[in-house]
Amino acid sequence: MSNAMWGGRFANGPDAIMEEINASIGFDQRLAAQDIRGSKAHAAMLAATGIISHEDAAAIQHGLTRIAGEIEAGTFTFKRELEDIHMNVEARLAEIIGEAAGRLHTARSRNDQVALDFRLWVRDTVDQLDVGLRDLQTALVEKAFSHAEAVMPGFTHLQSAQPVTLGHHLLAYVEMLGRDRGRMRDARTRMNECPLGAAALAGTSFPVDRHKVAVDLGFDGPTRNSLDTVADRDFALEVLSAASICAMHLSRFAEEIVLWATPQFGFAALSDKFSTGSSIMPQKRNPDAAELVRGKTGRIIGALTGLFIVMKGLPLAYSKDMQEDKEGTFDALDSLVLMIAATAGMVRDLKPDLKRMEAAAGSGYATATDLADWLVRVLGLPFRQAHHVTGRIVAAASERDMTLEELPIEAMQAIEPGITNAVYDVLGVRRSVASRTSFGGTAPANVRAQAETWLKRLVAE
Ligand code: ARG
């Protein structure tokens with residue numbers, strides 16, 4: 001049998017393999033709620049403009065509400081021979097209300113319909129992501145506030161560089177996530193134009209009111225070019241780009257949690273709730289949640305790359321290739337929602353070992369810059385010379401297997417005679433962090449102030 005929706009010019013139905021490669025209902029049934037929302041707005045506009053009768057529109061609304069209920073209750077039967085969510089809903093509508101169902105598709109094509117549904121789904125998910133990211137930021141800021149004074153090593157090249165505070169380190173991620181939210185918000189603003197009315201590609205001859213539909217569906221207005229509307233998926237690419245950057249941030253943090261949780265670092269313990277054991281090695285506590293956050297980042301970047309490759313060779317306007325836009329996007333954004341929630345859980349439960357962090361902060365001559373700065377400030381040496389002198393002092397301490405604080409004054413004076421006992425004041429890690437008061441620096445006072453500013457912002461948002 002030929003297809004009930006488009007089979008007029010066909011004598012035969014599709015090959016079984018054709019049906020299999022063509023059907024998208026297996027995954028686009030996720031768009032059911034958006035599809036029904038869009039159809040209701042479209043039907044209301046068709047009645048308001050006199051394109052269909054109010055009776056038909058009322059029957060359509062009633063039927064669509066019933067279908068939404070069936071889908072929610074799990075009693076709706078999705079049929080593969082009906083290809084996609086759009087035709088599944090419409091065919092069921094015909095079963096429920098009869099002939100009037102056939103009027104719903106007036107002045108519409110599946111091309112603008114799918115552009116709408118997918119856009120609505122992405123927009124809904126962006127809103128959901130914003131809520132999750134805000135919660136994660138809140139978890140990080142609260143942790144940062146309570147550890148504003150906790151000293152830990154700051155690294156460059158993963159080598160001890162200068163002491164920082166744990167609060168400062170956590171707030172670095174709050175900043176990154178703030179920009180991630182900004183990117184999502186920007187994408188949302190740009191995508192917030194309504195595709196309905198573009199029809200197949202050229203617009204429609206019916207006197208539709210595209211502005212009304214746009215407003216009904218929460219858009220700022222209708223899109224301006226029908227070809228662009230059905231042919232483009234840059235809204236999804238933009239959100240996947242923002243999602244990839246966000247996932248990359250989460251992945252870096254996850255990597256740090258993995259490192260911190262090793263016995264070798266021992267900076268922090270993950271709670272039982274976010275760790276797993278080994279089936280053979282009884283001593284193990286594995287940071288699986290962090291590893292999965294790091295790992296899932298791969299599929300998000302993969303989805304972005306995949307969609308770029310689908311789109312890059314398509315002539316205008318719609319091609320069926322574009323049906324491949326959905327699975328990767330669903331998977332990527334689902335993954336990101338989960339990663340954000342898992343990261344927030346890990347942050348809330350994370351138990352830093354403050355003693356170990358502070359001890360590590362003092363190792364590796366991390367206050368050498370403080371010594372060089374002291375030589376500049378107190379003895380008036382040019383920084384380059386102070387750097388050289390400090391390097392020799394570090395070498396002397398290293399030869400004796402001592403920290404800078406342990407090195408006797410005579411050993412320092414043998415290198416720079418002007419050095420006095422006052423130098424020891426700057427060699428401790430706490431003093432080091434307390435002195436970094438420049439705006440954006442790691443001093444506990446700064447961290448507390450920044451955390452407070454963020455908390456206020458997050459509550460207000
Ligand atoms: N399932 C299709 C998709 O996801 C809907 C649009 C089909 N349009 C068409 N002209 N065949 O892209």
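**Pockets, rings and burial**

Modeller: This is a predicted model. In the lining of the largest pocket there are 10 nonpolar, 4 polar and 3 charged residues.

Colleague: How much space lies in the largest pocket, and which residues are the closest to its centre?
Modeller: The space amounts to about 370 Å³. The lining has 17 residues, and Phe-155, His-169, Tyr-173, Arg-252 and Glu-256 are the closest to the centre. Two or more lining residues come from each of strand E1 (151–156), helix H7 (166–191) and helix H10 (234–260).

Colleague: What lines the second largest pocket?
Modeller: The second largest pocket holds about 270 Å³ of space. Its lining consists of 13 residues, and Ala-261, Thr-262, Pro-263, Arg-285 and Asn-286 lie nearest its centre. By class, the lining has 7 nonpolar, 4 polar and 2 charged residues.

Colleague: How many aromatic pairs does the structure hold?
Modeller: There are 7 aromatic pairs. One of them joins Phe-76 and Phe-78, with 4.8 Å centre to centre and 50° between the planes.

Colleague: Why is the pair of Phe-76 and Phe-78 called tilted?
Modeller: The centres are 4.8 Å apart, and the limit for a pair is 6.5 Å.

Colleague: Are Phe-76 and Phe-78 buried or partly exposed?
Modeller: Phe-76 has a relative accessible area of 9%, so this residue is buried, the cut-off being under 20%. Phe-78, at 27%, is partly exposed.

Colleague: What makes the pair of Phe-118 and Phe-235 edge-to-face?
Modeller: The planes stand at 65° and the centres at 5.7 Å; the angle is over 60 degrees, so the pair is edge-to-face. Phe-118 is in helix H6 (residues 110–146) and Phe-235 in helix H10, so the pair ties together parts 117 residues apart in sequence. Phe-118 is buried at 0%, and Phe-235 is buried at 3%. Ring pairs also link Phe-118, Trp-121, Phe-235 and Phe-330 into a cluster.

Colleague: How do you know that Lys-326 lies over the face of Phe-118?
Modeller: Lys-326 is at 5.8 Å from the ring centre, and the cut-off is within 6 Å, together with a direction within 35 degrees of the ring normal. Arg-123 likewise lies over the face of Phe-219, at 4.6 Å from the ring centre.

Terms used
Residues are numbered from 1 along each chain as its sequence is written. This is a predicted model: local features need pLDDT of at least 70, side-chain atom pairs count only at pLDDT 80 or more; totals for chains, interfaces and linings use all residues. Side-chain values use heavy atoms; hydrogens and water are left out. On a 1 Å grid over the protein atoms alone, a cavity is a set of points where a 1.4 Å probe fits but cannot get out, and a pocket is an open set with protein on both sides within 12 Å along at least five of seven lines; lining residues have an atom within 4 Å of a point. Grid points are joined across faces, edges and corners, and a volume is the space filled by probe spheres set on the points. Helices (H or I, at least four residues) and strands (E, at least two) are DSSP runs, numbered from the N terminus. Ala, Val, Leu, Ile, Met, Phe, Trp, Tyr, Cys and Pro count as nonpolar, Asp, Glu, Lys and Arg as charged, and the others, Gly among them, as polar. Rings of Phe, Tyr and Trp (its six-membered ring) pair if their centres lie within 6.5 Å; planes under 30 degrees apart count as stacked, over 60 as edge-to-face and the rest as tilted. Buried means under 20% relative accessible area, exposed over 50%, partly exposed in between (1.4 Å probe, protein chains only).
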